[in-house]
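Please brief me on this protein model. Keep it short, and group the points by topic.

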Amino acid sequence: WGRIQVPAQIRSGDKAMKRFLAIFLLIFSLCLALFFTASKPFVSNGPNAVDGVLDVRGADFTSQVYALSGQWEFYHGQLYTPEDFRQGTVKAGEYIDLPGPWTRAGYPKLSHATYRLKILTSPGQVYLLYIPEIMSSSIIWLNGEEFYRAGKVGESDDDTVTGVRNELLAAASPEGTLELVVQAANYRMNGSGIFYPLLIGRDTILIHHVFWQRTVVAAALGGILLIGVYHLFLYFFRRQERMYLTFSLICLTTVLRLGMESNALVQYFLPGGIDFILSRVFLLLFTLHSLCICLFMVQAFSLRLGCFRRVLYLVCFVLPLAGICILPYAEAVIVMFLVMIPYVISIFLAVRSGNIGRNPYRLLYLCSMITYLFYGPLTKTVFEGDMFVPGIVPNMFLILSQCVMLSRSYVQAHDEAERINANLEELVKQRTAQLNHANHQLKASQTALQEMIGNISHDLKTPLTVLNNYLELLGDDMIASSEQERTEYLGIAYHKNLDLQRLIHNLFEVTRMEGGTIVYHPEWVCAGFLIEEADRKYGDLVRDKGITFLVQSDHRLELKIDKNKIWSILDNLIYNGLRHTPEGGSIALRISRQGDRAALSVADTGEGIAAIHLPHIFERFYKVSPERGEKDGSSGLGLYIVKTTAESMGGSVRVESTLGKGTVFTVTFSAR
């Protein structure tokens, strides 16, 4: 057992599978680590606000960060300041559970409101507050002083200026109370109010968490950007394949889009936050990103899109682009989900193509596409408030899978180039030998052409000379003095004319065959019909020469032949038998079944052919002997035409012959 050798293909297959599993585990580990470091929130379970008051005096701030969640005071349709609360001019409000949009409480999305929360803390402590995006403009006061501003808050669309950003700010509590008053207004965007939780913690702890997650996100986006730039250089300088350009665009749009998502990095470089125009740019990037992903799938799996699917793809991308420019923000977001239709169609076509199971890397990419298709919308709708940077994980999974596919194709091309270079010397030798062989063939072709011209000239000259001689004899009354002699001379001239016609016809057929201009139309032809037509065409001619002509067929049999081109075969075989069968002999034409084939045979009792000539008689211009060819008017083309025509109709031909006893030619075709 120890000496049994494992086949090389099995060993290479096991090695490839181990390599794939290692790559898969690496990608899975990176995405899992990215989820826990950048997407999963770092907030601990802590006290919740009750009736607008949050008591964190007993909370452990030495290692924990808490969310300002629970019941906040809520005043919908009112914009109150801390001064309004001190003067007691505030109308009665209600309590709302945060985080979450005010649409949960049944209020319209496009409106404005005021929030208020009292935080009871240890006196003299300094805390850090993390202020997330508040849709779509907001002002925050801390203990009566303006603390945070994003955009301009107003009571109508005309008075409101969109501004979305996040901030990390210090909050001192000298008396042990932090009072937050938040004004928020949304008249243009999809969210409303305090959708994401405000966080509170000590400076070292909260800064550590925020800095760590920002660093991870920045590293991930930087890695994606480098991957995109690298493949862009590959496209321009190494491999002019559109798939590399499409993948580069995917990476670039991913970096720009994720940089503008929730809790992302772009807002740190924009003091006013993301305004209304930039929010439209974000939707535009999302649509272009989806378009590039669908194009990559079409190119990677070589999907064929019919006219209807192309129009559908175009509509599903043009409508969101038009909606971004024309429709209100909320409606534009809804229309943007049309891009999911090309995703689903592309995945369906990729699965139906059947090329996935044979390539595990394509299967990995398909899994990443399905994950992106389901995980992406869920994180942007259901889990967005619970995720720190929601879209980073599915995008990274998708890009790494695409990168592996491209790298795999690049490595295969590189290995192929190395194999070609390794065998270049042998390849040059082979090409040199092929070139020498082609030169020999060219010389042989030139020799054959000269020989063919000589044969044609000779073969045309012989019957013409005989024909002229006998026509001259017919004009001499001294030689052709009797009616019997004139009839004999006319018969000889007539048959020489027939030989000349057959020669010209054969030359014409050979020219068309070698030029590839003959078109065959095989169809089912009844054997009985064919044998009756042959008897009418050849019977009298054969019997006039004193030769017995026999025909026989299985009338139930049908042959798959071209009913017009079959006569080129029969003409040459019958006339060939006539030339070599003496008076008193016989020629038999039979059609019979041989297994699942039909055999058409022409047998004569003529002089036969020597065994030395049998392997060559189907060659062009081959003659058993020049003297015999001149005597019987043979051009050496008839049997060449028989073989070429039979094979073009899906048949085959063979010959059996014995000197002094006769020859049998058998042509087989498909039968039923």
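Phe-24, Leu-25, Phe-28, Leu-32 and Phe-36 make a nonpolar surface patch of about 490 Å². Patches take residues with over 30% relative accessible area and no salt bridge; nonpolar side chains (Val, Leu, Ile, Met, Phe, Trp, Tyr) are joined within 5 Å, like charges within 9 Å. Leu-25 sits in helix H1 (residues 8-39). Leu-25 counts as exposed, at 51% relative accessibility.

This is a predicted model: local features need pLDDT of at least 70, side-chain atom pairs count only at pLDDT 80 or more, and totals for chains, interfaces and linings use all residues. Residues are numbered from 1 along each chain as its sequence is written, and side-chain values use heavy atoms, with hydrogens and water left out.

**Overall make-up**

- The protein has 16 helices and 18 strands. Both are DSSP runs numbered from the N terminus: helices are H or I with at least four residues, strands are E with at least two.
- Of the 672 residues, 45% count as buried. Buried means under 20% relative accessible area, exposed means over 50%, and partly exposed lies in between (1.4 Å probe, protein chains only).
- The protein exposes about 34500 Å², and carbon and sulfur atoms supply 59% of that area. Accessible areas come from the Shrake-Rupley method with a 1.4 Å probe; for residues, only the protein chains shown count as cover.
- Among contacts between residues at least 6 apart in sequence, 75% join residues at least 24 apart. A contact means heavy atoms within 4.5 Å.

**Four-stranded sheet**

- An open sheet of four strands runs in the order S2-S11-S6-S9, with antiparallel pairing. Two strands pair if DSSP finds at least two bridges between them.
- Strand S2 (66-67) and strand S9 (167-173) stand at the edges with a single partner strand each, so one side of each has no neighbour in the sheet.
- Helix H3 (residues 203-237) packs on the sheet and touches S6, S9 and S11. The direction of H3 makes about 25 degrees with that of S6. Axes are lines fitted to C-alpha atoms, for helices over the stretch in contact; angles run from 0 to 180 degrees between N-to-C directions.
- Strand S6 (residues 125-131) and strand S11 (residues 199-201) run antiparallel and are joined by three bridges. Tyr-130 has Leu-199 as its bridge partner in S11.

**Cis peptides and positive phi**

- Leu-98 and Pro-99 are joined by a cis peptide bond, with omega about 5 degrees. Pro-99 lies in the loop between strand S4 (94-98) and strand S5 (111-120).
- The Met-135 to Ser-136 peptide bond is also cis, with omega near -10 degrees. Ser-136 is in the loop between S6 and strand S7 (137-142).
- Asp-51 is not a glycine, yet its phi is positive, near 55 degrees. Asp-51 is in the loop between H1 and strand S1 (53-55), and it is partly exposed at 43% relative accessibility.
- Ser-302 has a positive phi too, near 50 degrees. Ser-302 is in the loop between helix H5 (276-300) and helix H6 (307-326), and it is exposed at 58%.

**A buried loop proline**

- Pro-132 lies in the loop between S6 and S7. Pro-132 is buried, with a relative accessible area of 0%.
- Pro-132 and Phe-388 are 256 residues apart in sequence, but 9.9 Å apart in space, C-alpha to C-alpha.

**Salt bridges**

- The count comes to 14 salt bridges. A salt bridge is a side-chain nitrogen of Lys or Arg within 4 Å of a carboxyl oxygen of Asp or Glu.
- Glu-533 pairs with Arg-536, the closest N and O atoms being 2.2 Å apart. Both are in helix H13 (residues 527-544), three residues apart, or about one helical turn. Glu-533 is partly exposed at 26%, whereas Arg-536 is exposed at 54%.
- Asp-571 forms a salt bridge with Lys-537, with 3.1 Å between the closest N and O atoms. Asp-571 is in helix H14 (residues 566-580) and Lys-537 in helix H13, so the pair ties together parts 34 residues apart in sequence.
- Lys-643 pairs with Glu-647 at 2.7 Å between the closest N and O atoms. Both lie in helix H16 (residues 638-648), four residues apart, about one turn.
- Glu-73, Arg-116 and Glu-179 are linked in a salt-bridge network.
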